[in-house]
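This briefing covers one protein chain. Please look over the sequence and the model before reading the points that follow.

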Amino acid sequence: MTSIPQDIGTARMLGIAGSALVLLGILIPFLSLIGFVLVLVSLYMLSKQMGEESIFRNAAISVVLSIAGFIVFAFLTGASFFAISGALGSGELTALTAAGIGSLLAGFVILYIAMVASAVFFRRALEALAGRTGVDMFRHAGLAYLVGSITLIVLVGILIILIAWALLLVGFIQLRPEQGMGAQAAIQEGPGESIGQT
């Protein structure tokens, strides 16, 4: 049990650093990737220490959906580029051009759906974390992230997502090792023991 405060403290620091790097990614995009990986590691550690597998499981599903969406988007964008280039080269601007534009639009639609679905699972991860720690800021961050992803289509979502990461940063700052210990103790105690104590 003596390692629990240290482990949760380490996860907390990784979460703080990761969230801050994601926000700094506005200036240096590469930092966002590093920051997101740190947040994932933090969620993995917290998931293990608190005995709540849904925290990391939902976060992992969120990442997989995002990656899948970007891969499909890149493929369809590339296909549309070649289709439109072929149309311009051959002078047939009807079928090939329509196929290229249709492929490009399909790529954007699939990417948007994947990002919203990813946000749903990321919100679930943060909801579970909020439930275990009692830090409501995680819940607020999850909701803001979902709203931001939905409104990405009108661009204001970018600002809302940045606000979500700022709220997540505050959530990690508010997290204390004792909160994690309380969650772990409740798991180890079990329902039978808690009833017996009352």
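Which pattern does the chain follow when read along the sequence? The pattern is α-α-α-α-α-α-α, with 7 helices and 0 strands in the chain. The model is predicted, and its pLDDT averages 85 over the chain.

**Confidence**

- A pLDDT of at least 70 is reached by 78% of the residues.
- Helix H5 has the highest mean pLDDT among the elements of the chain, at 97.
- Helix H7, which spans residues 177-197, has the lowest mean pLDDT, at 51.
- Over residues 191-198 the pLDDT stays under 50, and the model has 3 contacts beyond four places in sequence for this stretch.

**Whole chain**

- The chain has 198 residues, of which 38% are buried.
- Among contacts with a separation of 6 or more, 67% are between residues 24 or more positions apart.
- The accessible surface of the chain is about 10,400 Å², and carbon and sulfur atoms account for 75% of that surface.

**Largest pocket**

- The volume of the largest pocket is about 670 Å³.
- It is lined by 23 residues, and the closest to the pocket centre are Phe 36, Phe 70, Met 115, Tyr 145 and Trp 165.
- By residue class, the lining of the largest pocket holds 17 nonpolar and 6 polar residues, with no charged residue.

**Second largest pocket**

- The second largest pocket has a volume of about 200 Å³.
- Its lining consists of Phe 108, Val 109, Leu 111, Tyr 112, Met 115, Leu 152 and Ile 153.
- The 7 residues of this lining are nonpolar, with no polar and no charged residue.
- Met 115 lines the second largest pocket and is also among the residues closest to the centre of the largest pocket.

**Phe 70**

- Phe 70 is located in helix H3 and is one of the residues closest to the centre of the largest pocket.
- Its relative accessibility is 46%, so Phe 70 counts as partly exposed.
- Apart from neighbours within four places in sequence, Phe 70 contacts Leu 111 and Met 115; both of these residues line the second largest pocket.
- Phe 70 and Met 115 are 45 residues apart along the chain, and their C-alpha atoms are separated by 9.0 Å.

**Leu 31**

- Leu 31 is part of helix H2.
- With residues up to four places away in sequence not counted, Leu 31 touches Leu 21, Val 22, Leu 24 and Gly 25.
- The C-alpha atom of Leu 31 is separated by 9.2 Å from that of Ala 20, a residue 11 positions away along the chain.

**Leu 155**

- Leu 155 sits in the loop between H5 and H6.
- Although Leu 155 is not a glycine, it has a positive phi of about 70 degrees.
- Is Leu 155 buried or exposed? Leu 155 counts as exposed because its relative accessibility is 60%, and the cut-off for exposed is over 50%.

Technical notes
Residues are numbered from 1 along each chain as its sequence is written. This is a predicted model: local features need pLDDT of at least 70, side-chain atom pairs count only at pLDDT 80 or more; totals for chains, interfaces and linings use all residues. Side-chain values use heavy atoms; hydrogens and water are left out. On a 1 Å grid over the protein atoms alone, a cavity is a set of points where a 1.4 Å probe fits but cannot get out, and a pocket is an open set with protein on both sides within 12 Å along at least five of seven lines; lining residues have an atom within 4 Å of a point. Grid points are joined across faces, edges and corners, and a volume is the space filled by probe spheres set on the points. Ala, Val, Leu, Ile, Met, Phe, Trp, Tyr, Cys and Pro count as nonpolar, Asp, Glu, Lys and Arg as charged, and the others, Gly among them, as polar. Helices (H or I, at least four residues) and strands (E, at least two) are DSSP runs, numbered from the N terminus. Buried means under 20% relative accessible area, exposed over 50%, partly exposed in between (1.4 Å probe, protein chains only). Contact means heavy atoms within 4.5 Å. Accessible areas come from the Shrake-Rupley method with a 1.4 Å probe; for residues, only the protein chains shown count as cover. pLDDT is the predictor's confidence in each residue, from 0 to 100.
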